[in-house]
Amino acid sequence: RNALVAYALFQDWGNDPLKYDSGEPRRLLNTIAQLFPEGAAQGPAPVAASSIDRLLGLDAARRPQPRIDGRYDTPGGPLSWHYTVPGPQHLTVALDNRTRRSYASRNGPPGNISNGPQDNPAAGAQARQIPAAPLGEGREVLLVVAPLQVLAPSIFDEIVAPASYRAFDAFSHAASAENGEGSDLMVGTNPDAIEGWALDPPTFEALLQRLAAHRQVVLLSGDVHYSAATQMSYWRRGDSLPARLVQFTSSGFKNVMPDYLITVDHSLAFAQAMVRADIGAERMGWLSAPPAGTFIYPPGQSDQDLPLVLRKRLHQSPALLPTYGWPRKDATPTRVHAAHAPDWSWRLLPVFDLRPDDKRPPMARPLPLVSADIERQLQPAGGDPVLGYQAIAARHQRQLERVGNSRQILFRANLGVLSFECQAGVLMAVQTLYTLFPDPQAPATETPKPLPYVVQRAALTPDPSDQPPHQHDLHGGLAASLF
């Protein structure tokens with residue numbers, strides 16, 4: 001209650017002031033003023049508190065209710081916290097993923113905006129917060145303000161987050177067993193582990209389906225640690241061109257990065273290579289379990305040769321399958337039978353800052369390496385190898401003082417600016433991230449200026465050459481996406 005009251009007073013009232021002039025919002029403001037009456041010895045006042053609970057949907061009558069599939073939805077109260085802002089060629093939708101949450105089970109972790117039962121998605125909060133397509137009135141782009149990023153970089157959603165999810169649960173279970181306390185029955189309750197949209201696949205896929213109907217979508221989110229950009233091509237069965245979803249994430253305008261993140265970002269070569277890697281993710285989705293004959297295996301291979309977790313997914317409804325982990329024998333891969341194409345599929349890829357070095361801020365450019373001088377020092381005749389190695393070490397040392405790893409992900413506080421461009425008939429969404437980074441070699445009296453350290457461009461106009469994942473050979477190997 002306290003958090004929502006604070007949100008109403010200090011955020012939502014300013015989002016839409018006219019809404020609070022009448023009805024339930026006005027009643028909420030009036031009742032908040034009665035929580036701590038003047039002269040009262042203690043508070044809050046029970047009558048006012050109970051009334052606020054009913055308005056916010058926190059009373060017993062509005063507790064999460066079970067669905068036939070075992071999941072729980074939050075009905076919510078009379079007040080709603082999402083809102084829309086119309087524009088000339090776009091519509092902005094601000095989501096509320098805190099008071100209309102879903103739960104995977106009675107003892108499961110909280111998810112994000114509930115999608116309603118499969119046979120009645122209109123009953124879910126997603127349908128109430130995101131308008132149906134088309135937008136009409138000449139609007140071409142749907143802008144979605146999502147407090148929690150929907151399309152995180154694949155390096156996190158496919159590898160880091162699933163591993164963290166299980167690590168947190170293991171530590172929590174061990175602590176609970178040792179002292180008899182804790183939440184070992186509530187898996188994934190650590191907010192850093194389960195909060196991501198991708199870790200609640202049914203809710204995540206339902207949101208993607210609703211967004212993809214709008215064809216051109218830009219998602220705007222924040223993250224306390226980093227900024228990034230990702231792009232998704234999304235196909236429904238029969239689509240000749242995919243919908244395009246672009247996620248822009250900026251970090252706090254003012255925050256303090258943990259020392260370990262700064263060290264990893266600057267110094268750990270393996271982590272830097274992972275961040276720079278062009279790691280994407282692909283999914284294929286069937287509304288019901290794929291029928292026999294959906295997958296054409298190499299000779300002598302069958303469902304029994306699949307990893308156990310992938311074999312289990314074949315029998316689920318809906319069936320959400322990665323394109324990795326499928327049998328491959330010699331040069332023959334597994335393929336999807338054209339007659340049993342998925343009901344939908346998508347591909348997620350990172351967006352890089354492709355500007356040449358000389359177009360980026362000075363502190364984002366790699367220091368020059370005069371290789372000819374170093375080679376001369378390393379020559380057996382007349383050279384001094386120690387001097388050559390010293391030059392290389394000095395360059396590495398000075399490079400640690402720069403932002404040298406930020407073309408995909410920026411681990412710094414920044415200000416993100418969204419803009420649009422049209423290049424040869426292709427509509428581009430552009431995220432520009434401004435931050436300060438002082439040059440340690442500059443005079444102490446010199447004030448650093450905010451500069452565009454990251455510029456990421458992603459096309460909202462689909463590429464006709466882009467083909468859905470199921471039309472390609474399925475990949476072998478056990479991918480992290482099978483967690």
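**View A. Contacts of Leu151.** Leu151 touches Phe204, Leu208, Leu219, Thr230, Met232, Leu245, Gln247 and Leu348, leaving aside residues up to four places away in sequence. Contact means heavy atoms within 4.5 Å. This is a predicted model: local features need pLDDT of at least 70, side-chain atom pairs count only at pLDDT 80 or more, and totals for chains, interfaces and linings use all residues. Residues are numbered from 1 along each chain as its sequence is written, and side-chain values use heavy atoms, without hydrogens and water.

**View B. The largest nonpolar core.** This core has 30 residues. Leu142, Leu151, Leu211, Leu245 and Trp346 touch the most other members. A nonpolar core is a set of buried (under 20% relative accessible area, 1.4 Å probe, protein chains only) Ala, Val, Leu, Ile, Met, Phe, Trp, Tyr and Cys residues joined through side-chain atoms within 4.5 Å. Elements giving two or more residues include strand 7 (141-148), helix 7 (201-212) and strand 17 (344-350). Helix 7 gives the most, with 5 residues. Helices (H or I, at least four residues) and strands (E, at least two) are DSSP runs, numbered from the N terminus.

View C. In helix 2 (residues 23-32), Pro25, Leu28, Leu29, Thr31 and Ile32 are buried.

**View D. Phe253 in its loop.** Phe253 sits between strand 10 (243-251) and helix 8 (259-267). Phe253 is exposed (over 50%), with a relative accessible area of 66%.
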